Amino acid sequence: MKRLLSVATLLLFGINLIHAQSFSPDRPGIGNGSYITPKSMLGVELGAQYSTNDFSDQIDIGQLVLRYGLAEKLELRALLNSYTSVTFDGQAGSNSGFQDMSIGAKYNLI
């Protein structure tokens, strides 16, 4: 029984690892990975971020990234605006509003 369970677990995780190599999300707003969206595939990523330091607290909601694979090593990207609110500690006031939208491309050189 243990052997069957071990084989089933390895197969399950092995399939996920193979699929993970073909597409990897970029975690909107935090960083960009090196993977490219496979050709003719649309990736939709949505995120939220909270950060704080000694001077301010910031929250970003609705970070939306659309990724489309144009070729094996090329993807088009659209970053739709998210709502940001920054509260300053020790100072009266805060800033809030929508961030700018952007479009771009990512090419895998190596």
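Which residues are linked in a network of salt bridges? They are Glu 45, Arg 67, Glu 75, Arg 77 and Lys 106. A salt bridge here is a side-chain nitrogen of Lys or Arg within 4 Å of a carboxyl oxygen of Asp or Glu.

This is a predicted model, in which local features need pLDDT of at least 70 and side-chain atom pairs count only at pLDDT 80 or more, while totals for chains, interfaces and linings use all residues. Residues are numbered from 1 along each chain as its sequence is written, and side-chain values use heavy atoms, with hydrogens and water left out.

## The chain as a whole

The protein chain holds one helix and six strands. Helices (H or I, at least four residues) and strands (E, at least two) are DSSP runs, numbered from the N terminus. Along the sequence the pattern reads α-β-β-β-β-β-β.

Of the 110 residues in the protein chain, 19% are buried. Buried means under 20% relative accessible area, exposed means over 50%, and partly exposed lies in between (1.4 Å probe, protein chains only). The accessible surface of the protein chain is about 8200 Å², and 63% of this belongs to carbon and sulfur atoms. Accessible areas come from the Shrake-Rupley method with a 1.4 Å probe; for residues, only the protein chains shown count as cover.

Contact means heavy atoms within 4.5 Å. Among contacts between residues at least 6 apart in sequence, 46% join residues at least 24 apart.

## How the strands pair

Two strands pair if DSSP finds at least two bridges between them.

| Strands | Sense | Bridges |
|---|---|---|
| β1 and β2 | antiparallel | 11 bridges |
| β2 and β3 | antiparallel | seven bridges |
| β2 and β4 | antiparallel | six bridges |

A hairpin of three residues joins β1 to β2, and another hairpin, with two residues between the strands, is formed by β2 and β3. Individual positions can be followed across the pairs. Gly 43 stands opposite Arg 67 in β2, and Ser 51 stands opposite Gln 58 in β2. Gln 58 also has a bridge partner in β4, namely Val 86. Val 65 is partnered by Leu 79 in β3.

## The salt bridges

Side chains of opposite charge can pair when their charged atoms come close. By the cut-off given above, the count comes to four salt bridges.

One of them joins Glu 45 and Arg 67, with the closest N and O atoms 2.7 Å apart. Glu 45 lies in strand β1 (residues 42–52) and Arg 67 in strand β2 (residues 56–71), so this pair ties together parts that are 22 residues apart in sequence. Both Glu 45 and Arg 67 are buried.

Glu 75 takes part in a salt bridge with Arg 77, at 2.7 Å from N to O. Arg 77 is buried, with a relative accessible area of 11%, and Glu 75 is buried at 0%.

Glu 75 also forms a salt bridge with Lys 106, where the closest N and O atoms are 4.0 Å apart. This pair links distant parts of the chain, with Lys 106 in strand β6 (residues 102–107) and Glu 75 in strand β3 (residues 74–80), 31 residues apart. Lys 106 is buried too.

## A nonpolar patch

Leu 42, Val 44, Tyr 68, Leu 70 and Leu 76 make a nonpolar surface patch of about 460 Å². Patches are made of residues with over 30% relative accessible area and no salt bridge; like charges are joined within 9 Å, and nonpolar side chains (Val, Leu, Ile, Met, Phe, Trp, Tyr) within 5 Å. Strands β1 and β2 each supply at least two residues of the patch. Leu 70 is in strand β2 and is partly exposed, with a relative accessible area of 41%.

## An aromatic pair and a loop serine

How many aromatic pairs does a search of the whole structure find? The search finds one. Rings of Phe, Tyr and Trp (its six-membered ring) pair if their centres lie within 6.5 Å; planes under 30 degrees apart count as stacked, over 60 as edge-to-face and the rest as tilted. The rings of Tyr 83 and Phe 98 have centres 5.5 Å apart and planes at 70°, so the pair is edge-to-face. Tyr 83 is in strand β4 and Phe 98 in strand β5 (residues 94–98), 15 residues apart. Tyr 83 is partly exposed at 34% relative accessibility, whereas Phe 98 is exposed at 60%.

Ser 82 lies in the loop between β3 and β4 (83–88) and is buried, at 2% relative accessibility. Not counting residues up to four places away in sequence, Ser 82 touches several residues, among them Asp 60, Gly 62, Gly 97 and Phe 98.
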